[in-house]
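Colleague: I have a model open beside its sequence, and I would like to learn how to read it. Could you take me through it feature by feature?

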Amino acid sequence: MEGKRKAELVKKCRRIRYLTMDEIGKLGVGHVGGCLSAIDALVVLYYNHMRIDPQNPRMSNRDRFVLSKGHAGPALYAILADKGFFPLSWLDTLNRGGTRLPSHADMNQTPGVDMTTGSLGQGFSCAVGMAIGSKRRKDNAFIYTMIGDGETDEGIIWEAAMLAGNQKLGNLIAFTDYNKMQLDGETRVINDLEPLSDKWRAFGWETEEVDGHDVEAIDAAICRAKQQLQRPSMIILHTIKGKGVSFIEEMWRNNHNITLSPEQHKKTLEELREVTLDV
Amino acid sequence: MYEKAEMRTVMARLLKEAIQQDENIILLDADLARANGILPLFEEFPQQTLDVGVAESNMACVAAGLASYGYKPFIFTFAAFASRRICDQVMISIAYARQNVKIVGTDPGIAAELNGGTHMALEDVGVMRSIPSMVIFEPVDCYQLAKAMPQILAYEGPIYIRMFRKVPPATWFAAEDYKFDLFKADLLRSGRDVTLYATGIEVTQAMKAAGVLSQKGIEAEVINIHTIKPIDWHTVAQSAAKTGCGVVCENHNVIGGLGSAVAECLANHHPIPLEFIGAQDHFAEVGKMPYLLEKFQMDAESIVKKAELVLKRKKLSC
């Protein structure tokens with residue numbers, strides 16, 4: 001990746017963090033930690049890889065993205081608004097009555113959302129269905145999906161993982177947002193996922209682990225996954241829950257779904273505003 | 001031509017025609033294709049079938065993903081697994097996400113026979129009925145199923161097809177001029193004294209009961225409610241207004257199924273005394289259908305008794 005492009009993506013990550021935190025901050029409550037940990041991978045995906053058209057959100061041969069960890073909806077909305085799928089002003093309506101931006105992603109409400117998610121595990125399985133559909137249709141699309149590390153506890157993840165491996169879904173590229181925390185505590189304490197790469201490999205997946213906040217490393221991993229046409233790919237993103245806002249990062253043990261006072265909202269924006277908004 | 005045919009065989013034949021006409025139709029199965037009579041289609045049409053293994057939850061969501069891609073999936077499993085086992089997947093990824101997936105649940109209620117209590121869905125209609133947008137269709141015989149299929153294929157949205165697998169107890173819809181409407185109940189027998197609202201295998205029991213009642217001078221009207229949701233309230237209420245009392249007959253718990261649907265409908269449109277045939281809120285058990293029909297008091301004799309009881313209640317309330 002060229003240095004210039006890398007700098008652009010890093011700036012874009014900060015802008016998306018700003019928009020996401022403003023969106024949640026105006027409401028005063030939301031799934032902050034898991035939005036912030038996921039943003040860098042979502043940015044690399046949406047700004048460097050996906051074949052999509054904001055003017056034609058249902059373009060038939062588009063790449064799809066399924067946010068299986070549906071509670072990170074606000075981060076996805078910030079990206080979709082920034083890309084022009086809908087006006088930025090919609091972000092101010094998050095979770096308010098009558099909004100088209102509900103806390104968990106909804107394909108029937110929000111332009112650019114490819115699958116309704118929120119009941120953990122199901123989006124990943126739906127993405128496997130899409131990848132089977134795409135492969136049979138031979139439309140050369142890639143199906144991307146992101147699961148949470150806590151979500152990985154769900155049995156349906158492993159039902160779908162086994163099917164995807166056996167179907168050799170080379171067009172399926174998944175991410176695990178491995179921020180090491182789930183709602184009740186640390187994943188290693190509650191139901192340890194390790195050895196996580198080995199598990200996916202055993203299910204027939206190509207697997208690699210990267211720093212989930214290094215856009216260059218994420219980009220390279222996606223490029224490699226796209227070359228792997230015989231097997232689905234799992235890119236395990238080592239991330240920090242609440243990444244990018246210092247006081248939220250410090251609350252990493254308990255920032256899953258938190259309230260933000262007007263003062264905290266302001267403080268958050270000030271920290272993120274230090275990097276320019278006009279990327 | 002269908003009198004001796006198994007419903008699963010007829011379903012497979014209908015689906016074969018559909019597959020040949022529409023490349024977007026895709027059949028999904030969770031290791032019961034053999035039991036459900038569709039295994040030959042999996043061998044003949046590998047591009048339009050998929051066996052996901054013993055993983056019903058995954059099957060439902062994979063189907064939703066395929067539907068979002070423009071496919072028209074049918075998922076097959078036993079009624080118990082299609083409903084209670086994967087309720088959330090059906091609710092969220094299929095219904096709430098508005099995906100055009102058809103769900104076929106076979107061996108409902110006591111039809112599971114020797115598979116016993118674990119496999120007997122006596123709550124599946126209750127589960128499915130409480131999911132917004134879900135259509136629930138229970139064919140009585142192969143003729144009705146065959147007439148229904150074009151309308152099922154044309155309907156955009158989820159339908160739960162609660163299907164008897166083997167040779168149905170009797171045939172009631174063989175007449176060539178039988179006009180089927182997915183959203184209209186069928187009048188099988190006219191009567192003025194009491195209405196028997198029946199679905200699935202209970203239609204045969206209700207018709208037998210109507211014959212016995214007739215010999216006693218009681219004329220029962222028999223209405224087949226093949227589509228339990230949305231219920232044809234007009235036909236249900238019209239008959240209630242005519243007869244003034246009713247017995248609802250179903251192969252399901254009396255809580256949450258057709259009985260509840262009819263009671264809700266009539267509470268709104270035309271309240272009358274009602275009695276309910278079905279499992280009286282107990283678990284099921286292993287056994288052949290004749291044994292279970294008698295034990296669970298779902299046979300014609302029990303319907304006669306309930307009809308006589310509800311007639312007394314009608315007279316008391318007059």
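Colleague: Which residue with a positive phi follows α8(B)?

Modeller: The residue is B:Gly217, and its phi is near 85 degrees. Helices (H or I, at least four residues) and strands (E, at least two) are DSSP runs, numbered from the N terminus. A word on the source: this is a predicted model, where local features need pLDDT of at least 70, side-chain atom pairs count only at pLDDT 80 or more, and totals for chains, interfaces and linings use all residues. Residues are numbered from 1 along each chain as its sequence is written, chains are lettered from A and ligands numbered from 1 in the order in which they are written, and side-chain values use heavy atoms, with hydrogens and water left out.

Colleague: How many residues does helix α8 of chain B have, and what span does it reach?

Modeller: The expected span of a helix is 1.5 Å times one less than its number of residues. Helix α8 (residues 202–215) of chain B has 14 residues and reaches 20 Å from first to last C-alpha, close to the expected 20 Å. Its buried residues (under 20% relative accessible area, with exposed over 50% and partly exposed in between, 1.4 Å probe, protein chains only) include B:Val203, B:Met207 and B:Leu213.

Colleague: What does the same check give for helix α5 of chain A?

Modeller: The twelve residues of α5 (residues 155–166) of chain A should span 16 Å at 1.5 Å a residue, and the end C-alpha atoms are 17 Å apart, which agrees. Among the buried residues of α5(A) are A:Ile156, A:Trp158 and A:Leu163. After α5(A) comes A:Lys168, with a positive phi near 55 degrees.

Colleague: Now the sheets. What is the strand order of the five-stranded open sheet in chain A?

Modeller: Strands of a sheet pair through backbone hydrogen bonds, either parallel or antiparallel. Here two strands pair if DSSP finds at least two bridges between them. The chain A order is β2-β3-β4-β8-β7, with parallel pairing. At the edges, β2 (64–67) and β7 (206–211) of chain A each pair on one side only. From one strand to the next, the twist averages 20 degrees; axes are lines fitted to C-alpha atoms, for helices over the stretch in contact, and angles run from 0 to 180 degrees between N-to-C directions. Six bridges join β7(A) to β8 (residues 233–238) of chain A, and A:Glu209 stands opposite A:Ile236 in β8(A). Helix α2 (residues 32–48) of chain A packs on this sheet, touching β2, β3 (143–148), β4 (172–178) and β8 of chain A; contact means heavy atoms within 4.5 Å.

Colleague: Which sense of pairing does the open sheet in chain B have?

Modeller: The pairing is mixed, in the order β7-β9-β8-β11-β12 (chain B). Within that sheet, β8 (residues 194–198) and β11 (residues 246–253) of chain B are parallel over four bridges, and B:Leu196 stands opposite B:Val247 in β11(B).

Colleague: And where are the domains of chain B?

Modeller: Domain 1 covers 7–163 and domain 2 covers 186–317; domain bounds come from an automatic or database domain assignment. Their centres, taken over C-alpha atoms, are separated by 27 Å.

Colleague: What area is buried between domain 1 and domain 2 of chain B?

Modeller: The size of an interface is often given as the accessible area lost when the parts come together. Between these domains of chain B about 2200 Å² is buried, 59% of it from carbon and sulfur atoms; buried area is the accessible area (1.4 Å probe) that two parts lose on being put together, summed over both. On the domain 1 side, B:Ile110, B:Leu122 and B:Arg129 lose the most area to domain 2 of chain B, together 35% of what that side buries.
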